[in-house]
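Visitor: I'd like to learn how to read this model, one feature after another. Could you show me the structure and walk me through it?

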Protein chains: 2
Amino acid sequence: MSSPRKSDPILDPWEVLESRDMYSSPPWLAVAVEKVRLPDGKIIEGYHHLRMPHYVVMVAQTDDDRIIFLHQYKHGFRRACLTLPGGLVEQEESPESAAHRELLEETGYTADRWTSLASLIPHSNYECGRAHLFLARGLKKIAEPASGDLEEAHVVFVPEVELVERIRKGDIVSLSTVAALGLAHMRRE
Amino acid sequence: MSSPRKSDPILDPWEVLESRDMYSSPPWLAVAVEKVRLPDGKIIEGYHHLRMPHYVVMVAQTDDDRIIFLHQYKHGFRRACLTLPGGLVEQEESPESAAHRELLEETGYTADRWTSLASLIPHSNYECGRAHLFLARGLKKIAEPASGDLEEAHVVFVPEVELVERIRKGDIVSLSTVAALGLAHMRRE
């Protein structure tokens, strides 16, 4: 081809030719299979796409560099672990509002300095919703925790210097918790 | 109750009473709904569990502190982004072997110093497989990339000092990529 390429096929989007829901349980989960056309013209049948709610995860850090965690059983892990506070973004709620609400509900704390760390996609191929990560500083306890979640939780404070060891030992196993802690750490320099 | 509690109901596991596959497409995805009993005796119907393959993600870092990324279209993001090398753990393959294999296939590089960073669970409620994160140092190019994946990719080197800005700009949107980068960063101190 003598004419200049308008696009780079390695970066060109796939074209979704068909999408069919195979399982749906709103608002929690919908599993679609898509028929897609790749930039080279190849057709792929049955590529999965998982629609799941957006959620928030908050690194709530005290002035003396301790992080608020929830110690509770989580069914995805099949055991009790430490996770950062977080939860689903409700309909017609912004990620920021959800972060403020969930921090208060789950821990009883408010924060006066919020930083949006990133909005990230849990699965590179299937999507699986979106994780909105925040850093919260200037914490103040104004209530007792009252999450209304299926799981009750112990609210615990973990010194930042212990985090790597807690992850190494398996006390922290949540991918989104580690992403939020790691990104907060990277941004402090 | 006058007798001491043997367990803490907040940390006690839920009991799975029934599990039924609602959708299954091996080896990629199976969606089960479970009937579970909480420690307080409450019964929950229809709690989702998503069985998905284990995968590996590698922070491959050069001696001059650049990180190897793939620049490619990823359908989960619906656009081109930078992701760390990675891929699925094959049957009867260890995560370590998968990491070595995928790094070579996707980038053409081997590494002589490998560190297991963590094995993390992508979804706190539904599981969604497991992400095994590695740090690879002592890199040496021995072949051209030949991943065999649906996506071709540009292999690019991003200086570590640019990572925070790349995430802020949305060039990097993968949750597992950020978790691996962040954890590698936390462990260096």
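Visitor: Let's start with contacts in chain A: of those between residues at least 6 apart in sequence, what percentage join residues at least 24 apart?

Guide: A contact here means heavy atoms within 4.5 Å. In chain A, 59% of the contacts between residues at least 6 apart in sequence join residues at least 24 apart. Before we go on, please note that this is a predicted model, where local features need pLDDT of at least 70, side-chain atom pairs count only at pLDDT 80 or more, and totals for chains, interfaces and linings use all residues. Residues are numbered from 1 along each chain as its sequence is written, chains are lettered from A and ligands numbered from 1 in the order in which they are written, and side-chain values use heavy atoms, with hydrogens and water left out.

Visitor: How many helices and strands does chain A have, and in which pattern?

Guide: Helices (H or I, at least four residues) and strands (E, at least two) are DSSP runs, numbered from the N terminus. Chain A has 3 helices and 10 strands, and along the sequence they read β-β-β-β-β-β-β-α-β-β-β-α-α. The C-alpha trace of chain A spans about 65 × 40 × 35 Å along its principal axes. Of its 189 residues, 49% are buried, where buried means under 20% relative accessible area, exposed over 50% and partly exposed in between (1.4 Å probe, protein chains only).

Visitor: In which order do the 3 strands of the open sheet in chain A lie?

Guide: Two strands pair if DSSP finds at least two bridges between them. The order in chain A is β6-β5-β10, with antiparallel pairing. β6 (79-83) and β10 (154-159) are the edge strands, each with a single partner, so one side of each has no neighbour in the sheet. From one strand to the next, the twist averages 30°. Strand β5 (residues 66-74) of chain A is joined to β10(A) by 6 bridges; in one of these strands, β10(A), Phe157(A) is the bridge partner of Ile68(A).

Visitor: And in chain B, what lies between β5(B) and β6(B)?

Guide: They form a hairpin with 4 residues between them, and Arg78(B) in the turn has a positive phi of about 65°. The two strands, residues 66-74 and 79-83 of chain B, run antiparallel and are joined by 5 bridges. Gln72(B) has Cys81(B) as its bridge partner in β6(B).

Visitor: What rotation superposes chain A on chain B?

Guide: Two copies of a chain are related by a rotation about an axis and a shift along it. Here the rotation is 180° with 0.0 Å of shift along its axis, at an RMSD of 0.0 Å. That is the relation of a two-fold axis. The superposition is by least squares on the C-alpha atoms of residues with pLDDT of at least 70 in both copies. The copies meet through the same surface, because 100% of the interface residues of chain A are also interface residues in chain B.

Visitor: At what angle do α3(A) and α3(B) pack?

Guide: Two packed helices are described by the angle between their axes and the distance between the axes. Helix α3 (residues 175-187) of chain A packs against α3(B) at about 55°, with the axes 7 Å apart. That makes α3(A) oblique to α3(B); angles under 35 degrees count as roughly parallel, over 145 as roughly antiparallel, 65 to 115 as roughly perpendicular and the rest as oblique. Axes are lines fitted to C-alpha atoms, for helices over the stretch in contact, and angles run from 0 to 180 degrees between N-to-C directions. Among the residues of α3(A) that meet α3(B) are Leu175(A), Gly182(A) and Met186(A).
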